[in-house]
Amino acid sequence: MEGNQAGTSLDSLIASFHKRIGELQELVIARNMYPARSISDLSAIDTALSSMELQVQSIKDRLREETEAIPKAKKLIEASLKQQEKLQKMSICAPSHLPDKATMLNSDLNRCLLQENAKQYEQNHALSSLKSDEEAVVLPKEKKGRGSPPVWYITVEELNSLSSYMRGRLTLEKVNAAINDMASYAEANAHLIAAPKQKLAENLWEKALKLRDIVTAQAVKGKHFFLETDMKGPSLKLDNTGKAILTVLRHLGRISETRIGQNRVIILMKPH
């Protein structure tokens, strides 16, 4: 539609220039009938007409170029509209709580700190082997290669495949935001497991000992996990909605659960 309007405007402009060119041609004929050198008053007109002829020719060339560019502009508009449609479809499927660049950088920094803390803890443990058992907790070897927690979002198709009873009022954004929270819980627990006692606040040492007991269990070795008691938001909480989210993620294979002692442990599964 916009291309048709542009074409109409150009046609009108070209017609106007053709009319002006006709008038100029009549003046040129008059000039040729009476050469400028024989009539001194026409010398200025002769110069002006010559200049105008050059300008008109330049304008005609420019109009021709613009007219030839219209089909290319139409194709560009069509390609832009198709690209816009694709982006709109992608935005519907994409979760709204994707981690931003700063979060990814912080995650990488945390992993580096965890590895450094793990090395330091092993050195301190070798030097303090005669201390109490509480301070001589050995870091599990598999922690070194564990990496960052998996963040495996669900898709619109997976959510729609659930029964209405199981899905309830859950949305794609709520579930994927909860997956982000789970990764944060698991990352925090990995930090507690790796950190030496002198690097931890006194109120965290008891939980660190509990996590180090849990991580030695066969069911969680080499895996990222969090406890049910870790579910304190911002998106995943230990309420009816949080329990519904756990049910959905367990059904879709994103998590598995086990019980170690009195602790309910949720394990994050990696993408297939």
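**Group meeting: a buried aspartate and its surroundings**

At 9% relative accessibility, D230 counts as buried, where buried means under 20% relative accessible area, exposed over 50%, and partly exposed in between, with a 1.4 Å probe and protein chains only. Before I go on, please keep in mind that this is a predicted model, in which local features need pLDDT of at least 70 and side-chain atom pairs count only at pLDDT 80 or more, while totals for chains, interfaces and linings use all residues. Residues are numbered from 1 along each chain as its sequence is written, and side-chain values use heavy atoms, with hydrogens and water left out.

What does the side chain of D230 meet in a salt bridge? The partner is K207, at 2.6 Å from N to O, and by salt bridge I mean a side-chain nitrogen of Lys or Arg within 4 Å of a carboxyl oxygen of Asp or Glu. This pair links distant parts of the chain, since K207 sits in helix α7 (residues 202-214) and D230 in the loop between β1 (225-227) and α8 (240-251), 23 residues apart. K207, with a relative accessible area of 26%, is partly exposed. Side chains of opposite charge can pair when their charged atoms come close.

The structure holds 8 salt bridges, and some of them are joined up: E228, R250, E257 and R264 are linked in a network. As for accessibility, R250 is partly exposed at 36%, E257 is partly exposed at 27%, and R264 is partly exposed at 22%.

Let me turn to the fold. The chain has 8 helices and 3 strands, taken as DSSP runs numbered from the N terminus, with helices being H or I of at least four residues and strands being E of at least two. From the N terminus on, the order of elements is α-α-α-α-α-α-α-β-α-β-β. Of the 272 residues in the chain, 31% are buried.

In what order do the 3 strands lie in the open sheet? They run β1-β3-β2 with antiparallel pairing, two strands being counted as paired if DSSP finds at least two bridges between them. The edge strands, each pairing on one side only, are β1 and β2 (255-260), and neighbouring strands of this sheet are turned by 30° against each other on average, direction ignored; the angles come from axes fitted as lines to C-alpha atoms, and run from 0 to 180 degrees between N-to-C directions. Between β1 and β3 (residues 263-268) there are 3 bridges, and the partner of F225 in β3 is I267.

A search of the whole structure finds 2 cavities of 30 Å³ or more, a cavity being a set of points on a 1 Å grid over the protein atoms alone where a 1.4 Å probe fits but cannot get out.

How values were computed: 1 Å grid on protein atoms, 1.4 Å probe; cavity = no way out; pocket = protein on both sides within 12 Å on 5 of 7 lines; lining within 4 Å. Points joined across faces, edges and corners; volume = space filled by probe spheres on them.
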